[in-house]
Amino acid sequence: MKTVKEISILLGASIIAALAVNYFSPAGIALVGQWDTAKGVITANEKNDIVLNDLEIDDVALAKKLHDSKKFVFVDARSRDDYDQGHIKGAVSLPVGQFDEKIEVFLEQYSPEKAIITYCSGRTCEDSHKLAQLLLEFGYTEINVFIDGFPGWEAEGHPIE
Amino acid sequence: MFLSTAFRDGKQKGIQLNKPIRTFFGNHWIELAARWILGVTFVYASYNKILAPAVFAKIIYGYDLFPAVFINLMAIIVPFLELVAGLALIIGFYPRSAALIVNAMLLVFITALSINLIRGHEFDCGCFSINSSGQKTFAGPLIFRDFLIFALGLHVFFYRNSRKLCIVS
């Protein structure tokens, strides 16, 4: 009985503290997330959410059409190693983890008017969204996120290099 | 009569055999060491998860074991359970119950790790650090480590003598 009471107190304190901190913290998340890859990119629905749904391209065929139009720069948000092992043909590497180091060179090569499509490793990966967010902050206006990323592209047999 | 004698003899024999071990485990400094190591481990483990619940949620998703509706709640609550139980062990607030909570969590971790080890599922354990680089985990050593920590929890739980530096035992 004593143990039940003690455990209840410890559990109660944990749950109250957890919910309170989550409510007030800017890094807090929703009580239920989006964990179904069929519905799009998975996300815990963080408050300062970086998943920008209206910028998403969730159709590989559409991405291919935009690729063929040559009007878009495909930007690879994955690590340099992943990029070197294979990437969408013509894509530029800008790993989101090294954004601060790489952005200056990128800015010199691609003006903010350039239309950009970011991608990473598919729907379990948020890096392409993070990269899109960062590029928006750097003044790029026309940005889309290809959510099926490299695996989706490769699976359809579209050109890689 | 015969039974009780046999029982008593057996018990006495047991005490003699285990005396050094009993002295060791009955020592309040040993209990304090076990409690603090356990507490610090859990407080440390909670730190990064509390700072980045979204990343921890994704790690839980990566285990591919838990229903989608519970993933966020787990990501919100489990780190605080680790923090509160860890602090309770360190300051000696209900140490037996805190040890019980910690060991219940360890059993869940061990089960989750074992299932993924058996089915060969690659995942990021997210035990202490969390990073989004998609680090893969070897489950075997982790399960072993969790059992060692679990043993510390058992010691704190079954310890019967008076405890050192304890607020409410």
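Hi everyone. Let's start with chain B, where buried residues make up 37% of the 169 residues. Please keep in mind that this is a predicted model.

What does the secondary structure of chain B come to? It has six helices and zero strands. Reading from the N terminus, the elements go α-α-α-α-α-α. As for contacts in chain B between residues at least 6 apart in sequence, 73% of them join residues at least 24 apart.

Now let's look at one pair of helices in that chain. Two packed helices are described by the angle between their axes and the distance between the axes. Helix H2 of chain B, residues 28-51, packs against H4(B) at an angle of about 150 degrees, and the two axes are 7 Å apart. Are H2(B) and H4(B) roughly parallel or roughly antiparallel? An angle over 145 degrees counts as roughly antiparallel, and therefore that is the label for H2(B) and H4(B). The crossing of H2(B) past H4(B) is left-handed.

If you'd like to find this contact on the screen, H2(B) brings residues including Arg35(B), Trp36(B), Phe42(B) and Lys49(B). From H4(B), look for Pro79(B), Glu82(B), Leu83(B) and Ile90(B), among others. By type, the residues of this helix contact are 13 nonpolar, three polar and three charged.

Next, the place where the two chains meet. Chain B puts in 26 residues and chain A 23 residues. Which helices of chain B each supply at least two residues of the side that touches chain A? They are H3 (53-63), H4 (68-91) and H5 (95-118). H4(B) gives the most, with 13 residues. On this side of chain B we find 22 nonpolar residues, two polar and two charged.

Ser114(B) sits in helix H5 of chain B. Ser114(B) counts as partly exposed because 15 C-beta neighbours fall inside 10 Å. Along the sequence, Ser114(B) and Ile143(B) are 29 residues apart, yet from C-alpha to C-alpha they are 7.2 Å apart in space.

The other one is Leu165(B), in the segment after helix H6 (139-158) of chain B. Its phi is near 45 degrees, a positive value in a residue other than glycine. Is Leu165(B) buried or exposed? Leu165(B) is exposed, because it has 11 other C-beta atoms within 10 Å, and 12 or fewer is the cut-off for that label.

Over to chain A. This chain is divided into domain 1, residues 1-29, and domain 2, residues 37-155. How far apart do the C-alpha centres of domain 1 and domain 2 of chain A lie? The separation is 38 Å. The contact of these domains takes four residues from domain 1 and five residues from domain 2.

Two residues of chain A to finish. Asn45(A) lies in the loop between helix H1 (2-24) and strand S1 (56-57) of chain A. Asn45(A) is a residue other than glycine with a positive phi, near 60 degrees. With 16 C-beta neighbours inside 10 Å, Asn45(A) counts as partly exposed.

Glu154(A) is in helix H6 of chain A, residues 149-155. Glu154(A) has 17 other C-beta atoms within 10 Å and is therefore partly exposed. The C-alpha atoms of Glu154(A) and Gly122(A) are separated by 11 Å, with the two residues 32 apart along the chain.

Methods
Residues are numbered from 1 along each chain as its sequence is written. Chains are lettered from A and ligands numbered from 1 in the order in which they are written. This is a predicted model: local features need pLDDT of at least 70, side-chain atom pairs count only at pLDDT 80 or more; totals for chains, interfaces and linings use all residues. Two residues are in contact if their C-beta atoms, placed from the backbone, lie within 7 Å. Helices (H or I, at least four residues) and strands (E, at least two) are DSSP runs, numbered from the N terminus. Ala, Val, Leu, Ile, Met, Phe, Trp, Tyr, Cys and Pro count as nonpolar, Asp, Glu, Lys and Arg as charged, and the others, Gly among them, as polar. Axes are lines fitted to C-alpha atoms, for helices over the stretch in contact, and angles run from 0 to 180 degrees between N-to-C directions. Angles under 35 degrees count as roughly parallel, over 145 as roughly antiparallel, 65 to 115 as roughly perpendicular and the rest as oblique. A crossing is left-handed if the near helix is turned anticlockwise from the far one by less than a right angle, and right-handed if clockwise. A residue is buried if 20 or more other C-beta atoms lie within 10 Å of its own, exposed if 12 or fewer, and partly exposed in between; C-beta atoms are placed from the backbone. Domain bounds come from an automatic or database domain assignment.
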